[in-house]
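Hi,

Here is the structure I promised to pass on. Have a look, and then read on for what turned up.

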Amino acid sequence: MDQLLTLVGKSPISFQIETPRLKAFICSRFRVMDDQEADESISADIHVQIFDHYGTAFDDGPVTITETEHEVTFSRCDYKLVTSLDYSLAEMYVYDEFALKHALINLYSSWLIYRKRGLLIHSSCVVQDEKAFMFAGPSGAGKSTVAALSLPRPVLSDEATFLYVEDDGKVMVYDSPFRSDMEDPCVLMRSPLSGVHFIIQSMEVKRTPVRSGDGFIELLDKVFYWRHNDLETLKMISLCKQIAEQVPLYHLYFQKNDTFWERIS
């Protein structure tokens, strides 16, 4: 199996990968450390073994979860993720690259929440004037469209935004490898989160403030999270509340052009 050491946010992640096509997927989206960077002094936070040729193509079916005293297993028709209880050791069995991306989101989201360090949010995120602006909404709301319309501004994510709570409580957005249409890593490693926008396609272009309590409720169902443990659920809720209380929240009504940036900036 091929071995790679990658960096996601502050976390080194070690991969052992069975086939060239899955290795190519990891290399195209993750920041892979070269031999000089990946010296023996670096200890990975997460160790992942990836196996190919599992299951069938995704059919919109659910993820089923089983938990024992030693491990948690997440299963979908196109992937199976078996992980230690602290999410630091994992085996993935995947059907294709799409399944691999979602298995990795599943694992990394669980790892972040377990340590109360951050969240993966179903959203896009764009940098303007060294500040990150997140655009969240239900499927089909236009998150990837907003990211594409925002170019050439740096895009930190087009599908799964990686929010990290620093030791001082500041919320940062790190470059997300869990991309949909935009494969290459962002030129920026991170940027402070300046605002969360819940997007709504409209004939009118405007931005209206959202109270933290209402925004907290809207944020909850945008988190990539697979509920299986009450304690982990409480951690996820606490992180959402912390972000909603600390970062300005808005409803952003937009057309499919870049005029919404006039309301933001």
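Which side chain does Asp 78 meet in a salt bridge? The partner is Arg 76, at 2.7 Å from N to O. (A salt bridge here is a side-chain nitrogen of Lys or Arg within 4 Å of a carboxyl oxygen of Asp or Glu.) Both Asp 78 and Arg 76 are buried, where buried means under 20% relative accessible area, exposed over 50% and partly exposed in between, using a 1.4 Å probe and protein chains only.

Before the rest, a caveat: this is a predicted model, where local features need pLDDT of at least 70, side-chain atom pairs count only at pLDDT 80 or more, and totals for chains, interfaces and linings use all residues. Residues are numbered from 1 along each chain as its sequence is written, and side-chain values use heavy atoms, with hydrogens and water left out.

A search of the whole structure gives 16 salt bridges. Among them, Arg 227 pairs with Asp 230, with the closest N and O atoms 3.6 Å apart, and both of these residues are exposed. Salt bridges with shared partners also link Lys 10, Glu 166 and Arg 190 into one network.

Now the sheet. It is open, with 8 strands in the order β3-β1-β2-β4-β8-β7-β6-β5 and mixed pairing. β3 (31-32) and β5 (64-67) are the edge strands, each pairing on one side only. Strands are DSSP runs of E, at least two residues, numbered from the N terminus, and two of them pair if DSSP finds at least two bridges between them. β1 (residues 2-8) and β2 (residues 11-17) run antiparallel, joined by 7 bridges.

Cheers

How values were computed: Helices (H or I, at least four residues) and strands (E, at least two) are DSSP runs, numbered from the N terminus.
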